[in-house]
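Please look over the sequence and the structure shown here before reading the briefing.

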Amino acid sequence: MSSAPHIDSVSRAAETPDERQPYAELGMKTDEYVRVKHILGRRPTSCELAIYSVMWSEHCSYKSSKVHLRQFGTKAPESDALLVGMGENAGVVDVGDGWAVTFKIESHNHPSYVEPYQGAATGVGGIVRDIMSMGARPVAVMDSLRFGPADAPDTRRVLPGVVAGIGGYGNSLGLPNIGGEVVFDESYLGNPLVNALCLGVLRKDQIKLATAPGPGNKVVLFGNRTGPDGIGGASVLASATFDEESQAKRPSVQVGDPFTEKVLIECCLELFAADVVVGIQDLGAAGVSCATTELAAKGTGGMDVRLDLVPLRDETLRPEEILMSESQERMMAVVTPEDVDRFMEICAKWDMPATVIGEVTDTGRLRMTWHGELIVDIPPGTAADEGPVYDRPYSRPLDQDELQRRDPAGLPRPDDLRAELLRLLGSPNLASKEWVTAQYDRYVRGNTVLATPADAGLLRIDEVMPGAEPSTRGVAISTDGNGRYTRLDPYAGAQLALAEAYRNVAAVGARPLAVTNCLNFGSPEDPEVMWQFAEAVRGLADACQTLGVPVTGGNVSFYNQTGSTAILPTPVVGVLGVIDDVTNRVRPGFTEEGATVLLLGE
Amino acid sequence: MARVIVDVMLKPEILDAQGQAIARALPRLGFTGVASVRQGKRFEVEIDGPADDAALAEVRKMAETLLANTVIEDFTLRVE
Amino acid sequence: MARVIVDVMLKPEILDAQGQAIARALPRLGFTGVASVRQGKRFEVEIDGPADDAALAEVRKMAETLLANTVIEDFTLRVE
Amino acid sequence: MSTARVGVITFPGSLDDRDAARAVRLAEARAVPLWHADPDLHGVDAVILPGGFSYGDYLRAGAIARFAPVMQELIPAARAGLPVLGICNGFQVLCESHLLPGALIRNENLHFGCHDQRLRVENTETAWTSEYSPGQEVVIPVKNGEGRYVADAATLSELEREGRVVARYLGVNPNGSMNDIAGVTNEAGNVVGLMPHPEHAIEELTGPGTDGLPFFTSVLKRLVNA
Ligand SMILES: Nc1ncnc2c1ncn2[C@@H]1O[C@H](COP(=O)(O)OP(=O)(O)O)[C@@H](O)[C@H]1O
């Protein structure tokens, strides 16, 4: 990385309107680039281009999915329990007694294929920071995994690394793993799915939001230093198909530092308890670009940042790279000037580097300087919220009718049922998942009431905050998804995923309250994939309405394909439920001799 | 019998959380004057025959595919 | 600025499970002719001044007390 | 509730400190949080070093925690007879501090493993095991990645000869520990290191049972009788 020959300042951009810019290489379409020019009334500086390209990427802007995801809002059932709905870092649900929980599931599929251990580890790290940024204490994780056939050589590379990465990171944070899935299917061979869920607990009156209000308030970046991790990853890595080229992108993977994240959790909780945080945002895929634009857009509209104050691990990083870096274990907070000293003291107690890098304004502009030169001057909302929206064409796959016409009646009847049963029981999809779950700590924090092999994880909400009254209240979660069903009928398949998770939560004795989801699909530019997506979302939204559980948040992962072959459409649905007294939980299996066995339903 | 040493270190651009944790601890333990610490792996590979070009090529391939994770690590070889 | 390398290896009498696992995997990957593999750690310590006797004595103490656990590990120092 | 005060040290990266404190409370004593950077034991009657990954354990489990300011107080106090229990990472810290012999290294199968483990309590004379009966078999979770106990032959035979193996794994040895050792004690019997997690076996609701509770009640009895 050579240092910049020049700094592409705002005034330079104005003077050189025709300079060619690598927008296409950054994943931007020509009309998107033209729109940026239109917004700014000039060409963007290279830093501004970096910001728009990551913020308008599929990954950050949901440009292909937005029009469909709206149904989760328009069809949302009435719910008194919902404290914070979609649109924030994670939804928040009231579980009674002044307690609230927040939960969300997110994908880290592509990074986990490139570097299984680090990809999966940083997937856990990212979702945990999302939960922290709501003001909550993370209390449990779950993981929903899809791999190619168990005996395929690449699965032998990917699976152990992914499992070790999820365990290595989650175990080091002291978060019990209370459930998940492992599914094998040919279609995931070149594109495994790694979806991580985190659950957090907070007091109802302590919710934090990603907002930067109050001109004069300080913007603090804290956590690990910024390095050249995953530069370009947000727009390139996270949304491009895998091919030979991905090899060349390899050095830009992110690596995790779970120790720093664990300390960051405790540090944040102490900051929240001291009430010195006005707004907070985790640094995820689009790093400083995302945190600054989103905080500013949701606050009083403006922010001034001195980008040269960002503490670096590599002094040669250029401002564009700082803006796009995906270095892990970083957070950004908005703090009133009076509270800055106290904020810094708490960070020092935890040995956590923290730096004031800017200030909230009411100018309606996000302005950044680099050693005195103005390098970014944009209306932050145009990057954060007003990205392109595509209503992509979709069409029912040509083979869909043929697929649906297939009838199990036509399948040959096995002669030897016993052999067939043994073959099924021994098949990777049905066999015990203990090899995976044994690598995860399910005991830490001492509140795990049910984990593997129960249908849903069940956690007692006790001793979450110092001094809180002992409690028997509990939260149950289950994640489910079935790509084969969804391929056969995306509308019904998504509903079945919800129904299964809903039943699993009910089966341990909890009342289902809210839904999160991670929608893993192929390329949205393929009309047949887009049809699967649209149908699945419609199905899920309708089912949520019928069952009376609102979607509180989630994540969309597109471009899951090998070459031009998409994975099975895989909506993974997480349902959260509440139980007033965890001692009333229902355990899996037959626990008493002589008990009556009943079959419910048809 | 010959011994080939394979040293594996994280690429310089990759965060070395291990080295960082050590470096942060040193001043507390009274060690000053250390600018940085990086932690890597060292493998001692004993080969049956002499460390000729063919054998070294094999060990290099082994390092590339197994001992080092070239996504995030670099390695060097030397005969001891 | 000077760089001191500290190599830390498990004592020979302690079973090196990582080295063994690698050695066992090698034939499956088509590597033959390897008699044994041992895995250890390598530290690159950058010191502010020159690597004179006093500095080396400091690094040695650091290795003894922190970088290696002499109950189970041996270490060697060298200037690079 | 007894008036005994049991300190639980929190290092950066400690994870099971709350669990240990809860166990102390369920045993009806007072849990006193101790902070790694505070060189003061605050007059506690006993100390627990909890599980976790102190300082990330990137270098070697327990290697950096050993030098924490609070340890500079704890080490002489332990030598002078203060009851100290190190659980998992705490055991690793005690070995690194040379309060206990031997070392804990990477599991033989190279995986982190979390299981409900059968154990036999071998020594019921220590400060932390007097409430067990000799040879009692219990089930307590183990969860570790670096839990394989190793020591040289002389140390090992000394430990066996003096009956200083506190607990042994029954059934499958989860990490390849020498002589199936799950825990050891010092000569005086006041310092105990244990790989399994008794603080995760103190409530029927959240553990495989309550077999872990006697570790915490034992020390209280000792303190009351002292
Ligand atoms: N990746 C995983 N992470 C955590 N727990 C898992 C994972 N995969 C499976 N489990 C847990 O293992 C148990 C058995 O899983 P599975 O065989 O898929 O059962 P089921 O078909 O009943 O869901 C469940 O409790 C499930 O939550």
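The points below take up the paired chains, the sheets, a helix and the nonpolar cores in turn.

This is a predicted model, in which local features need pLDDT of at least 70 and side-chain atom pairs count only at pLDDT 80 or more, whereas totals for chains, interfaces and linings use all residues. Residues are numbered from 1 along each chain as its sequence is written, chains are lettered from A and ligands numbered from 1 in the order in which they are written, and side-chain values use heavy atoms, with hydrogens and water left out.

**Chains B and C**

- Chain C is superposed on chain B by a rotation of 180° with 0.0 Å of shift along its axis, at an RMSD of 0.2 Å (a least-squares superposition on the C-alpha atoms of residues with pLDDT of at least 70 in both copies).
- That is the relation of a two-fold axis, and in chain C the C-alpha nearest the axis belongs to Lys41(C), 2.2 Å from it.
- The same surface serves both copies, since 97% of the contact residues of chain C recur in chain B, where contact means heavy atoms within 4.5 Å.

**Helix α2 of chain B**

- Helix α2 of chain B covers residues 53–67, and its buried residues are Ala55(B), Val59(B), Met62(B), Ala63(B) and Leu67(B) (buried means under 20% relative accessible area, exposed over 50%, and partly exposed in between, with a 1.4 Å probe and protein chains only; helices, H or I of at least four residues, and strands, E of at least two, are DSSP runs numbered from the N terminus).
- Seen down the axis of α2(B), these buried residues fall within an arc of 100°, so they line one face of the helix; the arc is that of the directions from the helix axis to the C-beta atoms.
- On the other side of α2(B), the residues Asp53(B), Ala54(B) and Thr65(B) are exposed.
- The cover over the buried residues of α2(B) includes β1 (2–10), β2 (34–47) and β3 (73–79) of chain B, together with α1 (17–28) and β2 (34–47) of chain C.

**Six-stranded sheet of chain A**

- Six strands of chain A form an open sheet with mixed pairing, in the order β1-β2-β3-β6-β4-β5, where two strands pair if DSSP finds at least two bridges between them.
- Its edge strands are β1 (82–84) and β5 (177–184) of chain A, each of which pairs on one side only.
- Neighbouring strands of this sheet are turned by 25° against each other on average, direction ignored (axes are lines fitted to C-alpha atoms, for helices over the stretch in contact, and angles run from 0 to 180 degrees between N-to-C directions).
- Within chain A, β3 (residues 99–107) and β6 (residues 193–203) pair in the antiparallel sense over nine bridges, and Ala100(A) stands opposite Leu202(A) in β6(A).

**Seven-stranded sheet of chain A**

- Seven strands of chain A form an open sheet with mixed pairing, in the order β8-β10-β7-β11-β9-β12-β13.
- The edge strands here are β8 (279–282) and β13 (373–378) of chain A, each pairing on one side only, and the twist averages 20° from one strand to the next.
- Strand β7 (residues 218–223) of chain A pairs with β11 (residues 354–361) of chain A in the antiparallel sense over five bridges, and the bridge partner of Leu221(A) in β11(A) is Thr355(A).
- Strand β9 (residues 302–306) of chain A is joined to β11(A) by four bridges and runs antiparallel to it, with Val305(A) opposite Gly358(A).
- Helix α11 (residues 287–298) of chain A lies across β8, β9, β10 (330–335), β12 and β13 of chain A, and runs at about 25° to β10(A).

**Nonpolar cores and an enclosed strand**

- The largest nonpolar core has 159 residues, and those with the most contacts inside it are Phe222(A), Phe343(A), Ile48(D), Leu49(D), Tyr149(D) and Phe216(D) (such a core is a set of buried Ala, Val, Leu, Ile, Met, Phe, Trp, Tyr and Cys residues joined through side-chain atoms within 4.5 Å).
- Helix α10 (residues 258–273) of chain A gives the largest share of this core, nine residues.
- Another core, of 47 residues, lies apart from it, and among them are Leu40(A), Leu366(A), Ile375(A) and Ala383(A).
- In chain D, five of the five residues of strand β9 (residues 165–169) are buried, so the strand is largely enclosed by the rest of the structure.
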